[in-house]
Amino acid sequence: MINLTGKTALITGGTSGIGKATAIDFIENGAKIIITGRNQHTVNETINELGDQAYGIVSDSGKMSDLLDLGNKIKSITPYIDILFVNAGFGKYAPIEQIDEAHFDEQFNVLVKGTLFTVQQMLPLMKEGGAIILNTSIVTEIGMSNSSVYSAAKSAVQSFVKTFASELASRKIKINAVSPGPIQTNYFDRSNLSQEQIQNMAGAVLPQVPLARFGQPSEVAKVVTFLASDASSFMHGTEVFVDGGFPKIK
Ligand SMILES: NC(=O)c1ccc[n+]([C@@H]2O[C@H](COP(=O)([O-])OP(=O)(O)OC[C@H]3O[C@@H](n4cnc5c(N)ncnc54)[C@H](OP(=O)(O)O)[C@@H]3O)[C@@H](O)[C@H]2O)c1
C-alpha cells in the first residue's frame, strides 16, 4: 500500500495534464504538494482546485533566474522536500530543414537546462530517503519524424537519470524516470501543430499502440506516485514506460 503521509512534494508544471494529475494523486495518498507553472492566474486556479494541501509558485523552468530562485521560494513554504517530480515541458515539431535556433533553444532551455538546474537547486532541500522522478518520453525510443529537437532533449533527460543515479546514491536519494506514450493532455494543443496536423499525428500513432487508445494523465500519475513512494525502494536509475505497449526500437 502506498502512503505519502508527512511527505512534501514539488511538481514542476503542475497546472495541467500529467503534473496536475500527479498532484491530485500525491494529495490523495497523503502528501503536501507544491506546483509550479508560468502563469500566476493558472497556478492560483489550480491550487484552489487542489485544496489546502496544495501550494503554488510561479516559476519558468526555461529561465535561469527563476531556476536559481526556486529554492528561496520553496523555503518560504517548507524547509525541505521529500519528492521532486521534474515534469514541466512541451514539445514543438519541425522537419530538420525548418529548425531554427529559437526552436532548438526554447526546448533545450526548458527540458534540458530546466531539468538539470531544477534537480541541482532542489538537492540542498532534499533529505536522505528522498525521491526524484524525471519525465522523459517514448520518443527517446523511436525515430519520430519532425521531433529531432524534442526527442534529443528528452534523451538528454534520460541520460541525466543514469548519471544522477550514480551521483546521488551516496546520499540515498533515489532517482528514476517515467516515460509516457501518447497521453491525453493539453500537450498537443500547446505544440506548434494545427488541429489537422494533430489529427494526422494521432491517426499515425494510434494504430501503433497495442492498447489502441491515448493514455489518461491519471494513469501516468499512478506510476509517478509508485516511484515517489517507499514501494519502489530498490528502484534507482531506471525508466518506467507508461505507453500502452508502444513498440520500442532497442
Ligand atoms: N502528453 C503526452 O503525450 C506526453 C508524452 C510524453 C511526455 N510528455 C511530457 O509530460 C510533461 C507534461 O506534459 P503534459 O502532457 O502534461 O502537457 P500539459 O497538459 O501541456 O502540461 C504541461 C505543464 O507544464 C507546464 N510548463 C510548460 N512549460 C513550462 C515552463 N517553461 N516552466 C514551468 N512550467 C511549464 C505547464 O504550465 P503553464 O503552461 O501554466 O506554465 C503545464 O502545467 C512534459 O514534460 C511532456 O514533454 C507528455
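"Buried" means under 20% relative accessible area, "exposed" over 50%, and "partly exposed" in between, with a 1.4 Å probe and protein chains only. Helices (H or I, at least four residues) and strands (E, at least two) are DSSP runs, numbered from the N terminus.

I note that this is a predicted model, in which local features need pLDDT of at least 70 and side-chain atom pairs count only at pLDDT 80 or more, while totals for chains, interfaces and linings use all residues. Residues are numbered from 1 along each chain as its sequence is written, and side-chain values use heavy atoms, with hydrogens and water left out.

**Entry: α1 beside α2**

Next I looked at how α1 runs past α2. Their axes come within 11 Å and cross at roughly 30°. Axes are lines fitted to C-alpha atoms, for helices over the stretch in contact, and angles run from 0 to 180 degrees between N-to-C directions. I therefore put α1 and α2 down as roughly parallel to each other. Angles under 35 degrees count as roughly parallel, over 145 as roughly antiparallel, 65 to 115 as roughly perpendicular and the rest as oblique. From α1, K20, A23, I24 and I27 make the contact, and from α2, T46, E49 and L50 do. Contact means heavy atoms within 4.5 Å.

**Entry: α1 beside α7**

I then followed α1 (residues 17–28) to helix α7 (residues 217–228), where the two pack at an angle of about 55° with their axes 8 Å apart. That angle makes α1 oblique to α7. On the α1 side I listed G17, I18, A21, T22, D25 and F26 as making the contact. On the α7 side I listed P217, S218, V220, A221, K222, V224, T225 and A228.

**Entry: T225**

I picked T225 from helix α7. Is T225 buried or exposed? T225 has 2% relative accessibility, so I count this residue as buried. Leaving aside neighbours within four places in sequence, T225 is in contact with I2, L4, D25, F26 and N29.

**Entry: α4 beside α5**

I moved on to helix α4 (residues 101–122) and helix α5 (residues 148–168), whose axes come within 9 Å and cross at roughly 15°. That makes α4 roughly parallel to α5. In α4, the residues I found meeting α5 include F104, F108, L111 and V119. Their partners in α5 include Y150, A153, V157, F160 and F164.

**Entry: K174**

Last, I looked up K174, which is found in strand β6 (residues 174–180). With a relative accessible area of 11%, K174 is buried. Leaving aside neighbours within four places in sequence, I found K174 in contact with residues including G130, A131, I132, L227, A228, D230, M235 and H236. I also checked R213: K174 and R213 are 39 residues apart in sequence and 32 Å apart in space, C-alpha to C-alpha.
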